[in-house]
Amino acid sequence: MTNHEIKIAFQEYYSLEELSTADKSLCLEAVNALNNSHSPYSRFKVGAALRLQSGKIIYGSNQENAAYPSGLCAERVALFHWSANYPDDLVESIAITAHTNEFEISKPITPCGSCLQVMAEFEKKQGRPIQIILYCQNGAIWVAQGIESFLPFMFFEERLALPV
Ligand SMILES: [Zn+2]
């Protein structure tokens, strides 16, 4: 028997002013993305903004449906839109934020496992880390330099071969 221990690394900031201009701006774009959230069931809005290498911003927000499993998280809405339309313009960074009128969100919300898995595969495909910024509008900001920090055990099997 062998014991294993994994450490993850991320930075915690306490104000947008501590971030670079580009990262601060991306957080504010994620807040803008909240406006198009379709979340009448959870009343929990999530906004995501991707910054591409060209500087282009891609928006995503959670899209719910009366047939609940038909909905999709903000992160995957943004990532699939990117992959379907701008796959050659690499993703530098993704900022994620949330808002609800039901209660105060006092810490950063983290992406679900499925979104992390999708991010991790696209990161591998583009061969370059995607910075992830989790922006709590009433609290801290968590920044990680690559998805592996939040999903060290992504599912990946080389023999399934990534499409080229
Ligand atoms: Zn998700």
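Reader: What makes up residues 21–143, by helix and strand?
Author: Over residues 21–143 the chain is 32% helix and 24% strand. Helices (H or I, at least four residues) and strands (E, at least two) are DSSP runs, numbered from the N terminus. The end C-alpha atoms of residues 21–143 are 14 Å apart. This is a predicted model: local features need pLDDT of at least 70, side-chain atom pairs count only at pLDDT 80 or more, and totals for chains, interfaces and linings use all residues. Residues are numbered from 1 along each chain as its sequence is written.

Reader: Why are β1 and β3 called edge strands?
Author: The open sheet has 6 strands in the order β1-β6-β5-β4-β2-β3, with mixed pairing. β1 (11–13) and β3 (57–61) each pair on one side only. Two strands pair if DSSP finds at least two bridges between them.

Reader: How do you know that β2 and β3 pair?
Author: Strand β2 (residues 45–52) and β3 share 5 bridges, in the antiparallel sense; the definition asks for at least two, so they pair. In one of these strands, β3, Tyr 59 is the bridge partner of Ala 49.

Reader: Why is Arg 43 called exposed?
Author: Arg 43 has 12 other C-beta atoms within 10 Å. A residue is buried at 20 or more such atoms, exposed at 12 or fewer, and partly exposed in between, with C-beta atoms placed from the backbone. Therefore Arg 43 counts as exposed.
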